[in-house]
Amino acid sequence: MVESWVNYAERIGSDLHLELSGPGSKRAALIRALRDAVHSGRLAPGTRLPPYRSLAADLGVARNTVADAYAELVAEGWLTARQGSGTRVAERSRPLHAAVRTRRPATYRARATRHDLRQGTPDASGFPRSAWLASYRRALHQAPNEVFGPGDPAGRPELRAALAAYLARARGVRTQPDRIVICSGFAHALRLLFRGGGGDGQQPLRGPLAVEAYGLPFHRELLAAEGVRTVPLPLDEHGARVDRLTRERAVLLTPAHQFPTGGPLHAERRAAVVDWARARGAVVLEDDYDGEFRYDRKPVGALQSLDPERVILIGSVSKSLSPAVRLGWMVLPERYVGDVLAAKGEREAWASVLDQLALADLIVSGSYDRHVRQMRQRYRRRRDLLVAALAEHAPHIEVSGVAAGLHAVLRLPPGTERSAVKAAIWQGVALDGLAEFRHPDTDMPAHDGLVVGYATPSEHAYAAALETLCGALPPGETQAP
């Protein structure tokens, strides 16, 4: 009768990776390695060790070396050995990380994050699971066989056609499906635009790149890693000071809703930056990261519509659906399409073809529009609750920018940002200070503030999050009696 695999594995013991290093004999090195494996928790209590012969063969040592090491550790209490049961890690042994947890001070719990008010993440509970599943099933059922072969680096034509129609309708974008390249998000788009690709090593774009004085540091770090120097543009109540543009080859803007300060780019400046691009032979990169979420009026159309040959629009579903759906797009001028595809490579290695088909179905079926409208109402309600809570508990704190997006900036009295962030962390609120987003080379005057993401907390936890936030804000000036 053939012995079952389970019984066989139990009899010979599990494979065991050990590094025999350090001073002394092989026996001493083996004892050290086994003791460290148990102490760190890599070998859990009750784990059966390999027989002497098996471990000796794996490690290239004598059988007696393993037997002596096991015997020493049994004597020390690290291991147990019984006839018919083999050698096992002692049940009373506890890994190091468990012991460390018991020694943490009681104050640690008070500092643990209870409310996540960091920017950039939508309400995870709002993901349209049923609609996504229905679209995925339809897409999978209707997909032609060639879908399961190598992908097109431009992306599936079904999704590019759906996006061309949707962006024209919802964002005023002027394009055709063959001008759209699918990517895995905004960061991937930046890498494709500024990274050398193809046999000649040419990048689609080159630096220096003008950027807004406040923006995501991750994007600046990504560009620096690609050898792109960024030049900060100051901001005022009308958005980026595009009149400061000089010899840069490109500019990156968030014109619909400046990130993170929250203001839109003024109409005159929208026209001015397109005129600059035409005159300089330059290009504008439009980060349309949350363009669908405007609450005080109809969303402003995309800057791309002013000149599709001078503006590259970049969008994704990271705010509208979820960052877990790694899908984004570039709407490109015709002259950049070939270079971007060369940088991307012959085969699509970033965005799942099946996810592309599911998103295309979600858009064409109307489910995507319904979801965006639903989340727009939810986020508007949350922003209104934030403003109302501040008016009641901290009327001296101003919410800057327009009513839009998934975050708000709270203007603080000068010199109070750092202490407010610390107070929030102490009370279990995770958020960011405005200084975290400031370009290190800008000469723009600094402003104290908190960047509060109101989309992340669950519905039932949001009221408590606001109450805790208000308790961490700096007090206003007291009135003299």
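Let's start with a pair of strands: S9 (residues 250-253) and S10 (residues 283-287) run parallel and are joined over four bridges. Here strands are DSSP runs of E with at least two residues, helices are runs of H or I with at least four, and both are numbered from the N terminus; two strands pair if DSSP finds at least two bridges between them. Within this pair, Val251 has Val284 of S10 as its bridge partner.

A word on where this comes from: the model is predicted, so local features need pLDDT of at least 70 and side-chain atom pairs count only at pLDDT 80 or more, while totals for chains, interfaces and linings use all residues. Residues are numbered from 1 along each chain as its sequence is written, and side-chain values use heavy atoms, with hydrogens and water left out.

**The sheet and its helices**

S9 and S10 belong to an open sheet of seven strands, ordered S4-S12-S11-S10-S9-S5-S6, with mixed pairing. At its edges sit S4 (180-183) and S6 (230-233), each pairing on one side only. Direction ignored, neighbouring strands of this sheet are turned by 20° against each other on average. Axes are lines fitted to C-alpha atoms, for helices over the stretch in contact, and angles run from 0 to 180 degrees between N-to-C directions. Contact means heavy atoms within 4.5 Å.

| Helix | Residues | Strands touched | Angle with S4 |
|---|---|---|---|
| H8 | 157-171 | S4, S12 (328-331) | about 110° |
| H12 | 334-344 | S4, S10, S11 (311-316), S12 | about 25° |

**The inside**

The chain has 16 helices and 17 strands. Of its 481 residues, 50% are buried, meaning under 20% relative accessible area with a 1.4 Å probe, counting protein chains only. A nonpolar core is a set of buried Ala, Val, Leu, Ile, Met, Phe, Trp, Tyr and Cys residues joined through side-chain atoms within 4.5 Å. The largest one holds 58 residues, and Leu359 and Leu386 touch the most other members. Helix H14 (residues 367-393) gives the most to this core, with seven residues. Not counting residues up to four places away in sequence, Leu359 touches Trp132, Leu159, Val317, Leu321, Leu327 and Tyr368. Apart from this core lies another, of 27 residues, including Leu205 and Leu252.

What about the cysteines? Cys183 is buried, with a relative accessible area of 0%, and Cys470 is buried too, at 12%. A search of the whole structure finds zero disulfides, a disulfide being a pair of cysteine sulfur atoms within 2.5 Å.
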